Amino acid sequence: MENISVMGDPDKLREECGVFGIYDFAGGDVSSAVYYGLLALQHRGQESCGIAVSDTKGPKGKVLSAKEMGLVNESFTPEMLEKLKGDIGVGHVRYSTAGSSTRENAQPLVLNYVKGTLGLAHNGNLINAPELRHELEYTGAIFQTTIDSEVIAYHIARERLNTNTVEAAVGRAMQKIKGAYSLVIMSPRKLIGARDPFGFRPLCIGKREDAYVLASETCALDTIGAQYIRDVLPGEVVTISPEKGIESDTSHCISDKEHSRCVFEYIYFARPDSYIDGVSVYNSRILAGKFLAMDSPVEADLVVGVPESGNCAALGYSLQSGIPYGQAFVKNSYVGRTFIKPKQKNRETSVQVKLNALKEAVSGKRVIMIDDSIVRGTTSDRIVRMLREAGAKEVHMRVSSPPFLWPCYFGTDVPAREQLIAYNRSIEEICEVIGADSLAYLKEERLEEMVNGLGVCKGCFSGTYPLVPPTEDIRGDYDM
Ligand code: SF4
């Protein structure tokens, strides 16, 4: 269906996934908590979703699961949740970067093996998945899906045969897998969380009465009324069981200096009400706006954000510069994820269907417009034009991230270099393409400052990655 837009704004980067896990030591059913947790993480992936639960007092291999294509609230009915009975559960929302968008590739993965059943939800991308997969296939493994996560699940299952505990098997698997992963794993009697040593993707721990929770973002804890306890450390494996509460294995942790959190979690992916590794996503966006005002000032009458993701940085710019912050756009919240894309011969565009400029607010004004990123630049030019048509005298664009120039191998869908507007163009040339009066990006050296000095990955800006990237572009490998 060529004319159906399934991804919302085509000029935005996409995160791969959100993960959630819960174990209620009091034995209560957890499926509705997983459902609401996934609803709070929906922004991290909208293609498919799934819930797997198990009864820790029941037979060891019995896992009930449901996976669907589409949004969480469109996929699960109260009747479905009612049937998913169990006191331990994992959930997943997905947008695919490696492995195609099919129901088989939806997660959580449920794997039966001699020691029982594993349910696994993964956020991130491995850089050595193709090698590991070949290796496993040569020793007899038959894969059901085309996703990295199955490679991880297989490794854990195999290592479990040589280790005493499932968490030790997770640790052994971590010695082999390379790249970005935040994992939530359900074994028959334990809930396990693991984060890669670089900490590319977030993972936090919470508690609600007798239940422990693992989630990609703290906003999911808030949604189900759980208290934030702490983040899983980069490289840490946490094991949650009624006998021992939270146990921690930090033997895979590396020095803080090597940590490489995806800075886009702060700039764009995560919800502004989340905290990642103790840093407020909202504050980091406000700071990015302040830095833009300090480093790239311009005289103007109004600062506006491109909704929703540019709003916090626009507020930060306004706070720093003293130029009033306002609203310049009305967003149609009912367009949703899927809508019929206008045909080229029609006069309306996808951007206009979703956004309209507020003439009253911008007419006769010099406007600073802030967005979190420009990827291909295909929507920026239309939004700039929209403001001019609404009467803006000048439109100055400020971007709360540095220019994208390189691919990502760690779970963010950055298009091929040739498609990136910043590739082979100067800032002046980009400014001309989008039709703005001036253009400035956040300076790369501001990124750490923006997140309180935490170590961050800047690979897609600098081409220097924390791990040696594969020589071939592995994104989309194993697509069927
Ligand atoms: S390369 Fe860019 S998008 Fe990918 S993990 Fe690093 S900062 Fe994030």
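Analyst: A caveat on the annotations: UniProt positions are given in the numbering used here, feature names are shortened, and annotations may be inferred rather than shown by experiment. Also, this is a predicted model, so local features need pLDDT of at least 70 and side-chain atom pairs count only at pLDDT 80 or more, while totals for chains, interfaces and linings use all residues. Residues are numbered from 1 along each chain as its sequence is written.

User: Fine. Which residue does the "active site" annotation cover?

Analyst: C17, according to UniProt, from an unreviewed entry. C17 sits in strand 2, residues 17-24 (helices, H or I with at least four residues, and strands, E with at least two, are DSSP runs numbered from the N terminus).

User: Is C17 buried or exposed?

Analyst: C17 is buried, with 28 other C-beta atoms within 10 Å. The cut-offs: buried is 20 or more other C-beta atoms within 10 Å of the residue's own, exposed is 12 or fewer, partly exposed is in between, and C-beta atoms are placed from the backbone.

User: What's C17 in contact with, leaving aside neighbours within four places in sequence?

Analyst: R44, G45, H92, V93, R94, Y95, H122 and N123. Contact here is C-beta atoms, placed from the backbone, within 7 Å.

User: OK, switching to the ligand. What surrounds it?

Analyst: The shell is F200, C262, V263, F264, C408, F410, T412, C457, K458, G459 and C460, where a residue is near a molecule or strand if its C-beta atom, placed from the backbone, lies within 6 Å of it. Helix 8 (263-269) and helix 16 (459-462) are the elements that give two or more residues to that shell.

User: And by class?

Analyst: Eight nonpolar, two polar and one charged. Ala, Val, Leu, Ile, Met, Phe, Trp, Tyr, Cys and Pro count as nonpolar, Asp, Glu, Lys and Arg as charged, and the others, Gly among them, as polar.

User: Which residues does UniProt list for "binding site"?

Analyst: C262, C408, C457 and C460, again from an unreviewed entry. They span 199 residues in sequence, yet no two of their C-alpha atoms are more than 10.1 Å apart, so they gather at one spot.

User: Tell me about C262 and C457.

Analyst: C262 is in strand 15 (residues 261-262), and C457 is in strand 25 (residues 456-457). C262 is buried, with 28 other C-beta atoms within 10 Å; C457 also counts as buried, with 26 C-beta neighbours inside 10 Å. Not counting residues up to four places away in sequence, C262 touches F200, R201, F410, T412 and C457.

User: Now the sheet. What's the strand order in the six-stranded one?

Analyst: It's an open sheet, 6-7-8-9-13-14, with antiparallel pairing; two strands pair if DSSP finds at least two bridges between them. Strand 6 (109-113) and strand 14 (245-249) are at the edges with a single partner strand each, so one side of each has no neighbour in the sheet. The twist averages 20 degrees from one strand to the next. Axes are lines fitted to C-alpha atoms, for helices over the stretch in contact, and angles run from 0 to 180 degrees between N-to-C directions.

User: Which strands does helix 6 lie across?

Analyst: Helix 6 (residues 166-174) lies across strand 8, strand 9 (191-195), strand 13 and strand 14, at about 20 degrees to strand 9.

User: Last one: how many residues of helix 10 are buried?

Analyst: Eight of the eleven (residues 311-321), so helix 10 is largely enclosed by the rest of the structure. Those buried residues pack against helix 9 (281-295), strand 18 (302-305), strand 22 (366-371) and strand 23 (394-399).

Definitions and conventions:
Contact = placed C-beta atoms within 7 Å.
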